Amino acid sequence: MALVERSLLGPGPSNTYPEATAGLAAPLLGHLDPEFLTLLDETGDRLRTVWGTANPRTLPLSGTGSIGMEAAFVNFVRPGDVVVVAVNGLFGERMCDVASRYGAEVVRVDHEWGEPVDIQRVLDAHPDPALVAAVHAETSTGVRSDIAGLGAALRARGERALLLVDCVTSIGGERVDLDSCNVDIAYAGTQKCLGVPPGLAPFTVSERAWERRVEKPTTWYLDMGLIGNYVNGGSSGGRAYHHTAPTAMVASLHAALGRILEEGMPVVTERHRAAGEALQTGLQEMGLSLFAAEGSRLHQLTSVWVPDGVDSAGVRKQLLNDYGIEIGGGAGKFANSVWRIGLMGNNARLDRVEMLLGALRTVLGR
């Protein structure tokens, strides 16, 4: 069966960078091959640069972004720990679910979907939490929250709380300086602004967090101590086999990160900004209304209200069948009333904007 080519302009996955595709086609190496281990080390270095961190434990986990979320909670939350979660969309909701499954006492700080995280409300939620969790770029709503402000506020209060951040939709699309933002644990995915197929979860841990990790978590596969003995080497400096790493996927990520760094993160960020603003301007000129709060809208993922009387699923189906363009529906209670349009990675280009706007004008008759 021959698969058709699509323009993936939804919330992810996005079309890959050519370099990432070429990386998949490179000669396959074993997960303990010295050449692969060198490539894995370089991938960690490149992730540190893109993410703005010096954390030695920065690596791609085998699995999608959700594996990163799971690893964060199982390795750094103990039964009875108070975990404050800022919930302003679907992925904040999932954080609450995952944390509770590992015995945390979850304190939710609920916000209207489409609004950024209110830092003061998060601070007021509990006087001494073990961990505070938030989503930087909420994929379900297209809103950005001030992680730098949250990190600074937590440190200024002098508390012990670790800061955990979901960077799935921000990494590779905008500047994220984890260390200067006082982020202790972060996870991401490859299928959005990094321009790589889904299958890996970039993950990073500060030394401050590592000192407080669960020594023997209730998972073997996601035990960061065991994985670290493979990725970084154990106390003897050797690499201990843990699981068969997806070597082709790591090669693809390595290549895409190289492409991003060659272009330069300031240029990449500006490319995403220009494409996102052009799309949002074009949608508003068509008479459509944007969903996320003004001043906190993502450039890489735009959420827009479906016009009254328009069949949301019908428009998405027509775009897919007639133009080969995929856009996403909303999440949760907004599934049929919001569209989500991604211009991420290789799709953060003005030609993609014009293509989509032209097709949408035709379908909507505007």
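Why is strand 14 (residues 338–342) largely enclosed by the rest of the structure? In this predicted model, where local features need pLDDT of at least 70, side-chain atom pairs count only at pLDDT 80 or more, and totals for chains, interfaces and linings use all residues, 5 of the 5 residues of strand 14 are buried, so the strand is largely enclosed. Residues are numbered from 1 along each chain as its sequence is written, and side-chain values use heavy atoms, with hydrogens and water left out. Buried means under 20% relative accessible area, exposed over 50%, and partly exposed in between (1.4 Å probe, protein chains only), while strands (E, at least two residues) and helices (H or I, at least four) are DSSP runs numbered from the N terminus.

In a regular strand the side chains alternate between the two faces of the sheet. Both faces of strand 14 are covered, with Val338, Arg340 and Gly342 buried on one side and Trp339 and Ile341 buried on the other.

Strands pair if DSSP finds at least two bridges between them. Strand 14 pairs with strand 11 (residues 301–305) in the antiparallel sense over 5 bridges, and Ile341 is the bridge partner of Thr302. Strand 13 (residues 328–329) also runs antiparallel to strand 14, joined by 2 bridges, and here Arg340 is the bridge partner of Gly328.

The loop between strand 13 and strand 14 holds Phe334, which is buried, with a relative accessible area of 14%. Ring pairs link Phe334 with Trp113, Phe291 and Trp305 into a cluster; rings of Phe, Tyr and Trp (its six-membered ring) pair if their centres lie within 6.5 Å, and planes under 30 degrees apart count as stacked, over 60 as edge-to-face and the rest as tilted.
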